[in-house]
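I opened my notebook to look up a few things in a structure that is new to me. My notes follow in the order I took them.

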Amino acid sequence: MSRINLSTWALTHQTLILFLIVASLAAGGFAYLKLGRAEDPSFTFKVMTITTEWPGATAREVEEFVTDRIEKKLEEVPYYDYVRSYSKPGESVIFLTLKDYTPPKQVSDIWYQARKKVGDMVNTLPAGVQGPYFNDEFGDVYSEIYAFMGEDFSPAQMKKVVDEVRERLLRVPGVNKVDLFGTQDERIYVEISSQRLAEFNLPVSAVIEALQRENAVVPSGNVDVGSNRIFLRVDVGFDSAAAVRAAPIAAGGRIITVGDVAAIKRGYVDPPVYKLRYKGRDAIGLGVVMAKGGNVLDLGRALAAEMAKIKAGLPVGIDVATIADQPRVVEKSVGEFQESLGEALAIVMLVSFLTLGWRTGIVVALAVPLVLSITLAAMLALGIDLHRISLGALIISLGLLVDDAIIAVEMMMVKLEQGWDRIRAGGFAYTSTAFPMLSGTIVTAAGFVPVGFAQSAA
């Protein structure tokens, strides 16, 4: 039994082959329009931070009674590699790192296991500890980052404006989440005067107790009225600096207020925990994260349209600037690929037409978009997006594809000139060139295999 000769089979089934060519080109065009586009492929970052606060404790106490205990519990987490940590007065921060070969699909479950294990031992931590707080969202990439600036507005007013913008951007198709950074949180500062405390013969604890008592939220009961239930609430809690100033304190048989022994003022966290500046101006940042598998070019156009509407409605004096524009970077990358493809087709067609003739040159030139269409359809089926890695691989493979097509067609031309018929010449080209070309392609591809199968963060 003779081996199957694909060239001979294709030449004897021309109608079917023509249909497959048209279908492949159509599938490739559809896939190109539907493929997700991003700057880099998505990857799983295998690091989690665990932050714990213990106000009033020294760095040594935080390390011995908080950091060390949590670190020992984290050693039970699957695929545990190592932890790094630092302890400072009142705060512990631990970085949990998993092994490089941890399966990405299991990472989210491992983070759940870490939360559960640490949560089970929270009762062994000292009283007054706040947390632990976990953060494992390191894999998010901001597709767009905007800076909002307005010197005529207070940080609180700016935050309110940017919050409204965030709500609108969350409704844009393809947006996964929107983060704010560089905001300044408000605080009410109570600066107690030791001199005034001495005049009223009051300890500091009396002021603190008064503030805690007046700011307490406690259930006050309810009244059932037929089918309705009316909840009773005592008017307590601070909603302004004036309310804090008016909080009563019992002192030596008389009632005074917190304002009598302390200076009350409203302000912002000082020093700021995090501050954003853009070209020398204080700003609030707004980062947009694209949904997984989305098309960053489509997202960029949708965001641009929505931001144009938002800018038109912003108060006078607020400026908006784009800090990072990933759609523009991706558009440039895709444009470079299209340019490389166009150059490859032009060079192949020119060389083929000059050396092989018009008819043969068309066959060689059609090989590039045909194979590329099949590749794009396979990428869509496998969930591989267009990004710097996949585009680079396509550009590299174009060189191999052009060489193989020219070699195969040239071999057929030689045999046709020797008097062979088309089917026999096509079959000979397959038997004489298929294995050498396949071997050469495999050797070239083998050089890139370690990149794809490396079990590491690289």
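**Entry 1: a salt bridge across the sequence**

I started with R281, which has a relative accessible area of 24% and so is partly exposed. I kept in mind that this is a predicted model. Next I looked for a charged partner. The side chain of R281 meets that of E151 in a salt bridge, with 2.8 Å from N to O. I then placed both ends. R281 belongs to strand β14, residues 281–290. E151 sits in the loop between β5 (142–149) and α5 (155–169).

How many salt bridges does a search of the whole structure find? I noted 17.

I picked out E306 and R168. They form a salt bridge, and their closest N and O atoms are 3.1 Å apart. E306 lies in helix α10 (residues 296–313) and R168 in helix α5, so I logged this pair as a link between distant parts of the chain, 138 residues apart. Is E306 buried or exposed? At 17% relative accessibility, E306 counts as buried, because the cut-off for buried is under 20%. R168 has a relative accessible area of 31% and is partly exposed.

I also wrote down R277 and D282. Their salt bridge has its closest N and O atoms 2.5 Å apart. D282 is partly exposed, at 40% relative accessibility.

Last, I found a network. Salt bridges link K73, E76 and K117.

**Entry 2: the four-stranded sheet**

I turned to an open sheet of four strands. I read their order as β2-β3-β1-β4, and the pairing is antiparallel. Which strands stand at the edges? They are β2 (80–88) and β4 (130–135). Each has a single partner strand, so one side of each is left without a neighbour in the sheet.

Strands of a sheet pair through backbone hydrogen bonds, either parallel or antiparallel.

Then I followed one pairing. Strand β1 (residues 47–53) and β4 run antiparallel, and four bridges join them. What stands opposite E53 in β4? I found Q130 there.

**Entry 3: helices on the sheet**

Helix α3 (residues 59–74) lies across β1, β2, β3 (91–98) and β4. I noted that α3 runs at about 165° to β2. Helix α4 (residues 104–120) packs on the sheet and touches β1, β3 and β4. The direction of α4 makes about 145° with that of β3.

**Entry 4: a nonpolar patch**

W9, L16, F19 and L20 make a nonpolar patch of about 390 Å². Which helix gives the most to the patch? I noted helix α2 (residues 14–34), with three residues. L20 is found in helix α2. At 38% relative accessibility, L20 counts as partly exposed.

I began with K177, in strand β6 (residues 175–181). K177 has a relative accessible area of 19% and is buried. I listed its contacts, leaving aside neighbours within four places in sequence. They are E137, D140, L170, G287, V288 and V289.

T433 was next, in helix α14 (residues 422–446). Its relative accessible area is 6%, so T433 is buried. Not counting residues up to four places away in sequence, T433 touches I407, A408 and M411.

At 45% relative accessibility, A346 counts as partly exposed. How far apart are A346 and A365 in space, and what is the spacing in sequence? I wrote down 8.4 Å, C-alpha to C-alpha, and 19 residues.

Notes. Residues are numbered from 1 along each chain as its sequence is written. This is a predicted model: local features need pLDDT of at least 70, side-chain atom pairs count only at pLDDT 80 or more; totals for chains, interfaces and linings use all residues. Side-chain values use heavy atoms; hydrogens and water are left out. Two strands pair if DSSP finds at least two bridges between them. Helices (H or I, at least four residues) and strands (E, at least two) are DSSP runs, numbered from the N terminus. Contact means heavy atoms within 4.5 Å. Axes are lines fitted to C-alpha atoms, for helices over the stretch in contact, and angles run from 0 to 180 degrees between N-to-C directions. Patches are made of residues with over 30% relative accessible area and no salt bridge: like charges are joined within 9 Å, nonpolar side chains (Val, Leu, Ile, Met, Phe, Trp, Tyr) within 5 Å. Accessible areas come from the Shrake-Rupley method with a 1.4 Å probe; for residues, only the protein chains shown count as cover. A salt bridge is a side-chain nitrogen of Lys or Arg within 4 Å of a carboxyl oxygen of Asp or Glu. Buried means under 20% relative accessible area, exposed over 50%, partly exposed in between (1.4 Å probe, protein chains only).
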